[in-house]
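Keep the sequence and the 3D view side by side while you read. This report moves from the whole chain to single residues.

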Amino acid sequence: PASWVTHGQVNGGSRELTPAEYRELKALYDGELHENDAELGAMLEGLDGLNRGRERVMAFTADHAESFGEHPDARVWHSAPYDAVLHVPLIVSGPNMKPSRVAPRVRIIDIYPTLLELAGVSITHAINGESLVGLSSGKSAGTRANGGGMHFSRAPVFFRGERYKLIERRLGPPNPQLFDIVEDPDESRNLAEEMPELLDAV
């Protein structure tokens, strides 16, 4: 229909969403989250009914979140690797794991070795991820540098360390972007031009 609006129009600036439209988008997204929560609960109750709860090893996460106007070059969808898109929930449970909530940021590549350890399976080959099982008992997460990229929206790649995060787009602006994610968690101040020596170091 002619009334449809694409994320390309919004992110490109040819169509600006109103506050009411952003609220509607967020309401739809919240509705999807509630539906997933209900379905997950029903599945877990079903497993408990089969007396399989004690054996259960489970990880629940998402591959990305969504943007809702936080950045002018990525107003909607998930077209840029800002933390508003990268920060997703991760819930892991298994036998002998203590209920806890951990503060360190971890990575999706850590899920694979985590599930293998919980299942009692030894890893005999080289992998990039690190098990998260120890975090539930208070062990340090250590340094888990994170990086990745996307094949759309000017093909951005990013690297995130303990304090700074670099975003480079291989096919166009804005480029580059450097953020102090400790002092500026919303990634609103690009330090690339005012701190070129830091940009080179990262």
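## Overall build

Two residues are in contact when they have heavy atoms within 4.5 Å. Among the contacts in the chain with a separation of 6 or more, 40% come from residues 24 or more positions apart. The chain has 202 residues, and 30% of them count as buried. Buried means under 20% relative accessible area, exposed means over 50%, and partly exposed lies in between (1.4 Å probe, protein chains only).

There are five helices and eight strands. Both are DSSP runs, numbered from the N terminus: helices are H or I with at least four residues, strands are E with at least two. From the N terminus on, the order is α-α-β-β-β-α-β-α-β-β-β-β-α. The C-alpha trace spans about 55 × 50 × 30 Å along its principal axes.

## Confidence and ground rules

This is a predicted model, so local features need pLDDT of at least 70 and side-chain atom pairs count only at pLDDT 80 or more, while totals for chains, interfaces and linings use all residues. Residues are numbered from 1 along each chain as its sequence is written, and side-chain values use heavy atoms, with hydrogens and water left out.

The predictor's confidence in each residue is its pLDDT, from 0 to 100. The chain averages 86, and 96% of the residues score at least 70. Among the elements, helix 1 (residues 7–12) has the lowest mean pLDDT, 81. Strand 8 (residues 177–180) has the highest, 95. Where pLDDT is low, the predicted coordinates should not be read in detail.

## The largest pocket

A pocket is found on a 1 Å grid over the protein atoms alone: it is an open set of points where a 1.4 Å probe fits, with protein on both sides within 12 Å along at least five of seven lines. Grid points are joined across faces, edges and corners, and a volume is the space filled by probe spheres set on the points. The largest pocket has a volume of about 1500 Å³.

Lining residues have an atom within 4 Å of a point. Here 49 residues line the largest pocket, and V88, L90, R105, V106 and R107 lie nearest its centre. Helix 3 (83–86), strand 4, helix 4, strand 5 (146–149) and strand 6 (156–160) each give two or more residues to the lining. By class, the lining has 25 nonpolar, 15 polar and nine charged residues. Ala, Val, Leu, Ile, Met, Phe, Trp, Tyr, Cys and Pro count as nonpolar, Asp, Glu, Lys and Arg as charged, and the others, Gly among them, as polar.

In helix 4, the residues I111, P113, T114, L116 and L118 are buried. Strand 1 and strand 4 are among what covers them. Just after the helix, G120 takes a positive phi of about 80°.

D110 sits in the loop between strand 4 (90–93) and helix 4 (111–118). Is D110 buried or exposed? D110 is buried, at a relative accessible area of 0%. Its side chain reaches the backbone nitrogen of E130 at 2.7 Å. Beyond neighbours within four places in sequence, D110 is in contact with G129, E130, S131, L132 and R144.

## D180 in strand 8

D180 belongs to strand 8. With 8% relative accessibility, D180 counts as buried. Not counting residues up to four places away in sequence, D180 touches R163, Y164, P185 and L191.

Most residues other than glycine have a negative phi, and most peptide bonds are trans. W77, in strand 3 (residues 74–77), has a positive phi near 70°. W77 is partly exposed, at 28%. E187 has a positive phi near 55° and counts as buried at 2% relative accessibility.

The peptide bond from N175 to P176 is cis, with omega near -20°. P176 lies in the loop between strand 7 (164–169) and strand 8.

Terms used:
A polar contact is a pair of N or O atoms within 3.5 Å; within protein, one must be able to donate a hydrogen and the other to accept it, and residues adjacent in sequence count only if both atoms are side-chain atoms.
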